[in-house]
Amino acid sequence: MKDDIVAIATPLGFSAIGVIRLSGPNVINIVKRVFSPRRNKDLEKVSSHTLHYGNIIYKDEIIDEVLVAIYKAPNSYTGENMVEIFTHGSPIILEEILKILVEEGARIAERGEFTKRAFLNGKIDLLQAESINEIIRAESKTALKRALLKLKGEVSKSLRELKSKVEHLRIYLEASIDFPEDVEEREREDWLRRLEEIKREVSYLLEKAERGDWIKGGYRVILVGRPNVGKSSLFNALMKEDRAIVTPIPGTTRDYIEGELYLSSGHLVKIYDTAGLGIPKDILDKMGMEKTEKILEKSNLILFVVDGSGEISEEEINLFEKIRSYQNKEIILVINKVDLPQKIELSVFSEDIEKIFVSAKEGIGIEDLEKAIERHISSQELEDGIFLNVYHREKLKEIYQFCEEGISVLINLPQSLDILGDILYDMEKAFGEILGEEVSLDIADKIFANFCVGK
């Protein structure tokens, strides 16, 4: 990392201000050669974290009036010398200054290279580095909050504490590794207790990561029911716009439609309007219903919609019972068309099912339905969700398996404790890989490739 990198750090387009960022050992000197400060000063001699006003001048031509911020190593974001140039937000100006800085010796940064350098220079760990991208891409207030806590090191702290427990157990074990037959029962029980505790905490982290997916990608709510009960009208009412085609003809919706709902609590909800389930009339009906069932499997909350102005059919009851058989699915029974005379017999549904009465057409009960969705989200304890990528979760699953293997060794003593020592070593290594202490550059490159160029 002896070269100097540069990138535009703000989105391309017209704006009041644009930012160009540089990092590397010689970036202050590079900028110094093209920057003329309003007051005579040497950028290489000014204090770190200072701001300077002047012009970018190249080949005797003023390119723009700018502010230049100086950050000196090691007290910068990347741990290297850094410069940020604040220009007027014209794409032409930004591109021109970028071209000049490249001609003066900097190279265009790769995706995420600034944050990658911060990671490689020990300014942040791998999880914190990821959180920066998650902050930029947050789609809800809840997602932003969780990403900020990750940046502060909340997730890293939990993982380091677990790694420390494994390390202490391994060190304690090494004192007895040559004499497994002398291990007392109380020692074995203590080791078992510690491994069981680590296993539980790892399992809990994996559960929190799943809840983190709901926060990041949106809590998935699916509208289900037989054709023509008003699912599309209800979808439009929740979206507060006409997204789905609504006609009196049953089976109008052949494919699913997805929409986003932002609740006042800060949660993002993904709403899916789906093809009506029942006996397919043709191949398109069949394909639509197959897609509905796939979304059902991935959903968090099912809104089973029925037509309150009609009688419930046996087919509808069977469909409801089928949906109830899905594991870990919350269900709300939504009785639609309450603006019409009611004929439905609700006694066929169990009393413990939550029921919301609405008229999608007239907008009656929609606010009550939104509040019910919010209550279900709150009951899932999403506030403690964490963001972990697939690589990190696979590592946690490995650690969970190591715990089970270690427990098996202790249960079957006097097996060689060398085996347990190797297992604990592998656990420590896996924790280190999650935190980026022992991660390969290939894995790091894949993670930072998802960043924008200026970050």
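1. E11 and strand E12 (residues 330–336) pair in the parallel sense, with seven bridges between them. The model is a predicted one. Within this pairing, Ile302 stands opposite Ile331 of E12.

2. E11 also pairs with strand E8 (residues 219–224), again in the parallel sense, over four bridges. Here Ile302 of E11 is the bridge partner of Ile222.

3. Strand E11 spans residues 301–307 and is mostly covered, with seven of its seven residues buried. In a regular strand, side chains alternate between the two faces of the sheet. Both faces of E11 are covered.

4. Helix H8 (residues 231–239) and helix H11 (residues 366–379) have axes that come within 10 Å and cross at roughly 80 degrees. Because angles of 65 to 115 degrees count as roughly perpendicular, H8 and H11 are therefore roughly perpendicular to each other. H8 contributes Leu234, Ala237 and Leu238 to the contact, and H11 contributes Ile366, Leu369 and Glu370. By class, this contact has five nonpolar residues, no polar residues and one charged residue.

5. Ser156 lies in helix H6 (residues 154–174). Its relative accessible area is 1%, so Ser156 is buried. Leaving aside neighbours within four places in sequence, Ser156 is in contact with Asp125, Leu127, Gln128 and Leu435.

Key:
Residues are numbered from 1 along each chain as its sequence is written. This is a predicted model: local features need pLDDT of at least 70, side-chain atom pairs count only at pLDDT 80 or more; totals for chains, interfaces and linings use all residues. Side-chain values use heavy atoms; hydrogens and water are left out. Helices (H or I, at least four residues) and strands (E, at least two) are DSSP runs, numbered from the N terminus. Buried means under 20% relative accessible area, exposed over 50%, partly exposed in between (1.4 Å probe, protein chains only). Contact means heavy atoms within 4.5 Å. Two strands pair if DSSP finds at least two bridges between them. Axes are lines fitted to C-alpha atoms, for helices over the stretch in contact, and angles run from 0 to 180 degrees between N-to-C directions. Angles under 35 degrees count as roughly parallel, over 145 as roughly antiparallel, 65 to 115 as roughly perpendicular and the rest as oblique. Ala, Val, Leu, Ile, Met, Phe, Trp, Tyr, Cys and Pro count as nonpolar, Asp, Glu, Lys and Arg as charged, and the others, Gly among them, as polar.
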